[in-house]
Amino acid sequence: MQYTVGFILLVVLFFHCIDKTYGHGYLADPPARSSAWLMDRDFRACCTYYEHTQMFCGGINHQWSVNGGKCSICGEAYDQKTKLFDKGGEKYLGKIVRTYTQGSVISVTVILTANHLGLFEFRVCSIDDDSSKDATQSCLDLNVLNTTDGLTQYRIPSSLSTVQLQLRLPAQLVCKHCVFQWKYQTGNSWGVSNGRGCLGCGKENEEFYGCSDVAIIGRDESIVSSTTVAIASNFTTARETDTIASTTTTTTTTTTTKDMMTESLNCTSIIKFSRSFDISVVMEKYCETVCANNCSLEKKIGDEKLYNSCAESCNKLCVCQ
């Protein structure tokens with residue numbers, strides 16, 4: 001009997017050690033605060049954390065028996081007095097790791113070092129209103145993200161170790177600093193739901209969390225960002241051929257959708273920029289040289305498709321008098 005008990009304890013200890021060694025999972029993209037050190041040297045210098053795959057709220061028993069199911073937003077125990085990854089914590093850097101566009105579909109990757117079935121949920125919360133405070137769970141709960149299939153929960157097949165999803169950001173949310181949260185409710189604990197017992201039933205399952213610091217820029221700012229290279233190229237070409245526009249005689253034209261302005265107007269940019277991405281000088285030059293002369297280079301070379309595209313851009317980015 002002594003040997004049997006000893007053998008059972010040895011087996012339990014063995015599996016406990018495997019569990020502690022290999023962990024369970026982490027949010028890889030956007031990189032979680034606790035895992036970003038794997039990809040970013042800035043985090044490696046300050047915030048290396050070898051237990052980053054075990055952000056499981058202090059463990060299932062502690063989460064549900066002590067804290068009534070509550071957890072910190074990044075996966076540390078809810079009642080832990082000094083949290084490493086909350087704002088102001090020892091391993092909090094606050095660096096924006098991803099920048100997205102308002103209302104866009106984004107790619108998210110989760111690595112599971114041990115697949116426990118169950119389901120994923122994702123949330124986002126802006127903390128622009130008070131830079132001294134971190135996100136709260138109640139704020140995160142206001143923006144539960146949908147997959148491209150329109151679901152707020154993604155069930156995990158047993159075969160997956162790398163989970164890649166497409167999520168849609170809220171249509172109205174723009175922020176310089178948002179907190180993005182991954183929540184993993186596992187499905188390998190025995191529970192009871194609606195009178196039926198099964199693995200994953202009930203609410204008292206092991207949970208994992210990850211939180212990332214991201215920014216969400218407005219659609220207008222994103223349009224300017226994605227066309228910066230093209231604008232700069234157009235500006236260079238227009239400057240080289242500016243003498244053509246300056247010697248053009250004034251003619252009477254009819255204003256249409258394609259010809260929204262007459263030549264030699266005073267055009268200025270209407271786009272506002274954040275401090276972290278300010279190309280207002282380039283935009284002003286673009287409006288002054290390209291739009292004020294009604295996309296003259298495109299007209300000169302007779303490329304109607306390019307001219308229409310240029311005119312449409314001017315209509316969105318500049319105002320002319």
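**Exercise 1. In this predicted model, determine which residue of S3 stands opposite Gly25, and describe the pairing of S1 and S3.**

Solution. 
Step 1. The residue of S3 that faces Gly25 is Leu112.
Step 2. Strands S1 and S3 pair in the antiparallel sense, and four bridges connect them.
Step 3. Strand S1 spans residues 25-29, of which four of the five are buried, so the strand is largely enclosed by the rest of the structure.

**Exercise 2. Characterise the surroundings of Thr109: is the residue buried or exposed, and which residues does it contact beyond its neighbours within four places in sequence?**

Solution. 
Step 1. Thr109 belongs to strand S3, residues 105-112.
Step 2. The relative accessible area of Thr109 is 13%. Buried means under 20%, so Thr109 is buried.
Step 3. Apart from neighbours within four places in sequence, Thr109 is in contact with Leu27, Ala28, Asp29, Thr162, Val163 and Gln164.
Step 4. One of these contacts, Gln164, is also the bridge partner of Thr109 in S7.

**Exercise 3. Identify the salt-bridge partners of Lys95 and explain which parts of the chain they tie together.**

Solution. 
Step 1. Lys95 forms a salt bridge with Asp40, the closest N and O atoms being 2.7 Å apart. Asp40 lies in the loop between S1 and helix H2 (41-47), and Lys95 in the loop between helix H3 (60-66) and strand S2 (98-101), so this pair ties together parts that are 55 residues apart in sequence.
Step 2. Lys95 also forms a salt bridge with Asp42, again with the closest N and O atoms 2.7 Å apart. Because Asp42 lies in helix H2, this pair ties together parts that are 53 residues apart in sequence.
Step 3. Asp40 counts as buried at 19% relative accessibility. Lys95, at 28%, counts as partly exposed, and Asp42 is partly exposed with a relative accessible area of 40%.

**Exercise 4. State how many salt bridges the model contains, and describe the pair formed by Arg123 and Glu121.**

Solution. 
Step 1. The count comes to eight salt bridges.
Step 2. In the Arg123-Glu121 salt bridge, the closest N and O atoms are 2.9 Å apart.
Step 3. Arg123 and Glu121 are both buried.
Step 4. Elsewhere, salt bridges that share partners join Arg33, Asp134 and Asp213 into one network.

Definitions and conventions
Residues are numbered from 1 along each chain as its sequence is written. This is a predicted model: local features need pLDDT of at least 70, side-chain atom pairs count only at pLDDT 80 or more; totals for chains, interfaces and linings use all residues. Side-chain values use heavy atoms; hydrogens and water are left out. Helices (H or I, at least four residues) and strands (E, at least two) are DSSP runs, numbered from the N terminus. Buried means under 20% relative accessible area, exposed over 50%, partly exposed in between (1.4 Å probe, protein chains only). Contact means heavy atoms within 4.5 Å. Two strands pair if DSSP finds at least two bridges between them. A salt bridge is a side-chain nitrogen of Lys or Arg within 4 Å of a carboxyl oxygen of Asp or Glu.
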